[in-house]
Amino acid sequence: MPSFPHPGSVTICEINRDLITAESLSDDVAKDTYGNIIGMVFSPVLLQSDQLVRPPSPDQDPQQVVTTPTKGILQNLQEILNLTPLFRPNYVSLLPEVDLQGVSWHQHKLAVAVISGPNQVTVWDFEDFEGKELCILANESQREVKILEWRPNGGRQLAVACKGGICIWAASFPGTAASIRSGSSSFLGALSRGSGIRYTLVDFLRSHNEEQISALSWSRVLTYLASGSHESSSFTIWDVSQGLGTPIRRGLGGISMLKWSPTGDYFFSAKFDGTFYLWETNTWTSEPWSSTSGFVKGASWDPDGCMILLAFSKSSTLGSIHFASKPPSLDAHLLPVELPEMMSLTNSQGIEKIAWDASGERLALSFKDGGDLYRGLIAIYDVRRTPLISATLIGFIRGPGDDPKPVAFSFHDKFKQGPLLFVCWSSGFCCTYPLIFRSHLLP
């Protein structure tokens, strides 16, 4: 039977397909359940702050940190990801339906970045955290943040999508300053608060016509960054080292999502009109697809880059695209991935967000509405690829605080002890959940 966290309890971790719960969060409980197995404990982060960093004005010292009363940080994030419809036809009214990536793990470090306000990002580093301070990134160029993503295999560099372009932040260490790209605007400065590590805004990649960037994806094997906007039918491939962007266009609808494959051979782009495209990146040719289940609102590649898992806006069933042969072939098949428990247990109205562990073994998803017992939970699935995808429900994660709902969540790509899920809850807590099931880690 799937593990079910009863109301009033909080989930701590997974141990061998059993999701462990407790009456409350504490480091002692975490140590007793998983700490002795993996050798560390992840304390919860409470981001319900009454202070928010305001970017400095042009005539102000960019090193100065200014604070002003504001709502809780997680409330800001929730409002960012649930926008008020403003106008059409640029699909802004549909943007809240997309799984905007409000949380991103660094690929190799135990550092996580969170959209913590309309114009700011907070970085939490579990490896360098004396005094448990947060590092807050803000700048006058960073407005209306919508999505962020760490650069793979590129040091501690973070791309933040905002109004008019993309902020590129890089970490500076004592005695070693991050280099600003030659030729970039002189107003670029740093504003961060943290312990030891300091972040510098090293570049600002300007979007066409000051478009709001709402889709990002780094290539894991090249120095390229893809960006797109719900306001435009084209997306841009950036050579970040040169600060140069090449626009690519297919179809008419605004961009809803971009995802580079792990191997870099394929690229996925989706639009709000229900069409999506598979690209091979050698010649940048593509094959168009269309869906009768709405537009793609969530997508995640498998570790080998041979298939991609999709969630649609009008379906409680996932889809998986399997490539029939090796790159550069675009021959592929779209197959359903049934999740019968989504309806039979939760009585939900569809899938909201998905995250697939980089090992391909664990899938986390949240769902719309649901019955009183299941509302606000995250479902955890055991995934098999033999060779088709099948998913078995392990159980559910319940967050801490008052009526918690998952606002954003993401898996660490390469945590050696197993999948590591970071969740921001509407109650103001951000929690890390180790999912431990490999026999050599268990006593």
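Predicted model: local features only at pLDDT ≥ 70, side-chain atom pairs only at ≥ 80, totals over all residues.
Residues are numbered from 1 along each chain as its sequence is written, and side-chain values use heavy atoms, with hydrogens and water left out.

Let's begin with the core. A nonpolar core here is a set of buried Ala, Val, Leu, Ile, Met, Phe, Trp, Tyr and Cys residues joined through side-chain atoms within 4.5 Å, and buried means under 20% relative accessible area, with a 1.4 Å probe and protein chains only. The largest one has 25 residues, and Y34, F42, F126 and F422 have the most contacts inside it. Two or more residues each come from β1 (10-15), α1 (27-38), β6 (103-105), β7 (111-117), β31 (420-425) and β32 (429-436); these are DSSP runs numbered from the N terminus, helices being H or I of at least four residues and strands E of at least two.

What does F126 touch, not counting residues up to four places away in sequence? With contact meaning heavy atoms within 4.5 Å, the list is F42, S43, W105, L110, V112, F422 and T432.

On a 1 Å grid over the protein atoms alone, a cavity is a set of points where a 1.4 Å probe fits but cannot get out, and a pocket is an open set with protein on both sides within 12 Å along at least five of seven lines; lining residues have an atom within 4 Å of a point. Points are joined across faces, edges and corners, and a volume is the space filled by probe spheres set on them.

The largest pocket holds about 790 Å³. It is lined by 38 residues, with Q101, R220, K259, S300 and D413 closest to its centre. Strands that each supply at least two lining residues include β18 (255-260) and β22 (296-301).

There are also four cavities of 30 Å³ or more. The largest has a volume of about 110 Å³, and L25, Y34, F42, P44 and T432 are the closest to its centre among 13 lining residues. β1, α1 and β32 each give two or more residues to that lining.

Last stop: T236, in strand β16 (residues 234-239). T236 is buried at 18% relative accessible area, and its C-alpha is 5.9 Å from that of I248, 12 residues apart along the chain.

Conventions. Buried < 20%, exposed > 50% of the residue type's maximum accessible area, 1.4 Å probe, protein only.
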